[in-house]
Each structure stands twice: as C-alpha cells, then as structure tokens.
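Hello,

Here is the structure we discussed.

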Amino acid sequence: MAKRTKEEAEYEDSDIDVSSTDDEELQEEQIDEGDEMVNVDFDFYNINPSVDFHATKNFLRQLFQDDSVFFPLSELTDLVLEEGHIGTTIKTDGAEGDPFSILSVLNISDNLKLKGIQELTKYYIEKTKQNTQFNVILRQLFSPTSKHKIGMIFSERLVNMPVETMPPMYRILLEEMEKSEKSEEYNFDYFLIPSRVVKLVASVVDKELDDENESGSRKKSKKGSDLPSEYDYVHYEDEQLEKHALHYGYFDFTNNNVEADARRVFNDYGIEPKLSLMLVNKKALASAIAQMAEAFPYEC
C-alpha cells in the first residue's frame, strides 16, 4: 500500500463509487431488501499542514476527551503537522479533503522544553502514579538526561472507520521512520501510545426503574447485574499492542462531564470512557504490527 500524492489525486477519478446501474429493477430490489451498498475507496496521503489542521486538532480533542482542556491543542497540532513530519492520513475525496484517520509520531525526547510536551508528560506521570513500575519508567524516559529516546504515537479516526485500515498505516509509519532523512529524529527506543477503552457499567436509570418495579410488586424491567466483559476497545488494534507492551493500563479521565447512561447506544449498559496508555519498545512494535495485519487483513 503506497500513499497517493496530491498530483496523482488530481488526475484520477473520484475515490467514492457513486455510479448508477442501468438495471433499475435491481436497484429497487436492493433498496427493498435493505442491501444498498456504497463502495468507498480509502486513499493514503502524507500529512498536509495547509489542510489537516482543524481535523487533527479535533482528533486530539477526541482522544483526550474532556481532559483535552489541559493541553495547548493548537501547539500540539502544529507539532503533528509542521515538524517536517512523517505520518499518514486517510481520505476519500483527494488530498485537499478532510482526513478520516491520522497516524503519526511526536518526538517527546527532543521537545521536552515545549509547553505542549511538558503538559503531556506531566499528565502521563499523574495518571500512572498508582502504577509504580509504569510511573518510574516514564519518569526516566521523560528525563532530559535519559539515554533512551521516546516518541508518542498519535492515532485517531472517525468512529465508523474500519480497523482493517490500521495495519497498513502502522506499516507505513515504520517504513518512514526507517527511511526518513531525519532518521536520528525518529530513531526511538520506546513508544508511548495513548488510546481509549470504554468500561461497561450498570445503568443507574435501569436500577431506579427496577427498584420502582420491585416496590410496586411488578416485573423487573432489565437485569442490571449481568454485565458482559467489563472493558471494550475503542480501537481494536490496541489488543495486539497491549500483548506486546512493556506496560499498559487504563486510567480515569480527570474531567468526566457526561454521565455513563448518557453515552448508551442501543445497549442496556452505561458507557464510561477510560484513558489507555501503552508503552512498547521498537522491536515489540514491529511484532505487534505483524500480528495486527494477521488479525485485520486489508484488502486493496
């Protein structure tokens, strides 16, 4: 899978297949059966500072949820986009379109004096303080005197983007780090990967309804205690990354301004987002990406 350049995009057909068929009866049958399908081609592009700023900033806000107010998002967005930066976006309407996904890496070790990086490292230290080993190794890696170089992988996408698009994006990132003219800048020993999981919690609303039903000797409305697996991934490729992580953990967001019940979507449980942090070394990242490709094969 190779990235497309802006020039290539301008001379090729639209990436979204909106062509119609002459067989109107077939169209009507598909609509009637609920099988109407729109084919979308995902194209991989270099990061574009002149176009991708607002989407990237929104992705940072999405990643850190309500805790995003702690960070200078514009400065971090500039770091992602303007550092002579490697990274990939996925778009469907050409190089000038808005990205649906982004994957890049920030050099923490070389930017410890920048406010954005200082706020991030302080935040990660605070979040991991109850996980002693994780906390100690992060403090060492974030130290200006550390002999090891650490980068932060920034990966975010729209909620309906298929996970199968992630293995090629990660593979491209590895290749670009190896081939970059600024190879020393991207020669990381460790990678810190922030992400999100959701915790499934018993619904407060359902409990109140059940209590009311019990007091009125009526049948209970739902079983509030039979929860499925407690956590679920927002990004399913994180499962492979966790398997190869030196350390990982789930942490509460400091600001949680939305009740879990308000996040329910067609299920019986409340949803509480959590910050996920994973620390992997260079060799382990490559192994995780290989397993990621097996678990979620991408068909060109």
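Five of the five residues of strand 4 (residues 87–91) are buried, so this strand is largely enclosed by the rest of the structure. Buried means under 20% relative accessible area, with a 1.4 Å probe and protein chains only. This is a predicted model: local features need pLDDT of at least 70, side-chain atom pairs count only at pLDDT 80 or more, and totals for chains, interfaces and linings use all residues. Residues are numbered from 1 along each chain as its sequence is written, and side-chain values use heavy atoms, leaving out hydrogens and water.

Gly 87, Thr 89 and Lys 91 point one way from strand 4; Thr 88 and Ile 90 point the other way. Strand 4 pairs with strand 3 (residues 43–46), antiparallel, over four bridges. Pairing takes at least two DSSP bridges. Lys 91 in strand 4 has Asp 43 opposite. Strand 5 (residues 101–107) also runs antiparallel to strand 4, joined by four bridges. There, Ser 101 is the bridge partner of Ile 90. Strands are DSSP E runs of at least two residues, helices H or I runs of at least four, numbered from the N terminus.

Now the helices. Helix 7 (residues 166–179) packs on helix 10 (residues 282–295) at about 150°, axes 9 Å apart. Axes are lines fitted to C-alpha atoms over the stretch in contact, and angles run from 0 to 180 degrees between N-to-C directions. The two helices are therefore roughly antiparallel (over 145 degrees).

Best wishes

Definitions and conventions. Parallel < 35°, antiparallel > 145°, perpendicular 65-115°, else oblique. Buried < 20%, exposed > 50% of the residue type's maximum accessible area, 1.4 Å probe, protein only.
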